[in-house]
Amino acid sequence: MQMGGLALLTLWVCRLPASGRTGLHQRRLGLPFAVLAYLLVGILSYIHAPYHMASTDFFLRHFSS
């Protein structure tokens, strides 16, 4: 989920200059913000984890699958 979402966001950002527009229309912001929020929650949960070495495995599996 995370890698697919990150790939979609990357392709979207790379396509913006080619389209000649900003691409930030209100009706199109649902998916990018949802994926960014999901990625942010994963990062914040890792930062606030009490045992970073134990949660590193989960963090890497979470963002690489």
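From the N terminus on, the elements of the protein run α-α-α. The count is 3 helices and 0 strands. Helices (H or I, at least four residues) and strands (E, at least two) are DSSP runs, numbered from the N terminus.

This is a predicted model, in which local features need pLDDT of at least 70, side-chain atom pairs count only at pLDDT 80 or more, and totals for chains, interfaces and linings use all residues. Residues are numbered from 1 along each chain as its sequence is written, and side-chain values use heavy atoms, with hydrogens and water left out.

**Confidence.** The predictor's confidence in each residue is pLDDT, from 0 to 100. Its mean over the protein is 75. A value of 70 or more is reached by 74% of the residues. Two helices mark the ends of the range among the elements:

| Helix | Residues | Mean pLDDT |
|---|---|---|
| α1 (lowest) | 2-19 | 76 |
| α2 (highest) | 30-47 | 79 |

**Surface and packing.** The protein has 65 residues, and 22% of them are buried. Buried means under 20% relative accessible area, exposed over 50%, and partly exposed in between (1.4 Å probe, protein chains only). Accessible areas come from the Shrake-Rupley method with a 1.4 Å probe; for residues, only the protein chains shown count as cover. Contact means heavy atoms within 4.5 Å. Among contacts between residues at least 6 apart in sequence, 49% join residues at least 24 apart.

**The residue I43.** I43 sits in helix α2. Its relative accessible area is 38%, so I43 counts as partly exposed. I43 also belongs to a nonpolar surface patch with L40, L44 and I47. Together the four give about 340 Å² of accessible area. Like charges are joined within 9 Å, nonpolar side chains (Val, Leu, Ile, Met, Phe, Trp, Tyr) within 5 Å.

**The residue S55.** S55 lies in helix α3, residues 52-64. S55 is buried, because its relative accessible area is 16%. Beyond its neighbours within four places in sequence, S55 contacts Y46 and A49. A polar atom of the S55 side chain lies 3.1 Å from the backbone oxygen of Y51. S45 is 10 residues from S55 in sequence. Their C-alpha atoms are 9.4 Å apart.

Technical notes
Patch = residues over 30% accessible without salt bridge, like charges linked within 9 Å, V, L, I, M, F, W, Y side chains within 5 Å. Salt bridge = Lys/Arg side-chain N within 4 Å of Asp/Glu carboxyl O. Polar contact = N/O pair within 3.5 Å; in protein donor to acceptor, adjacent residues only side chain to side chain.
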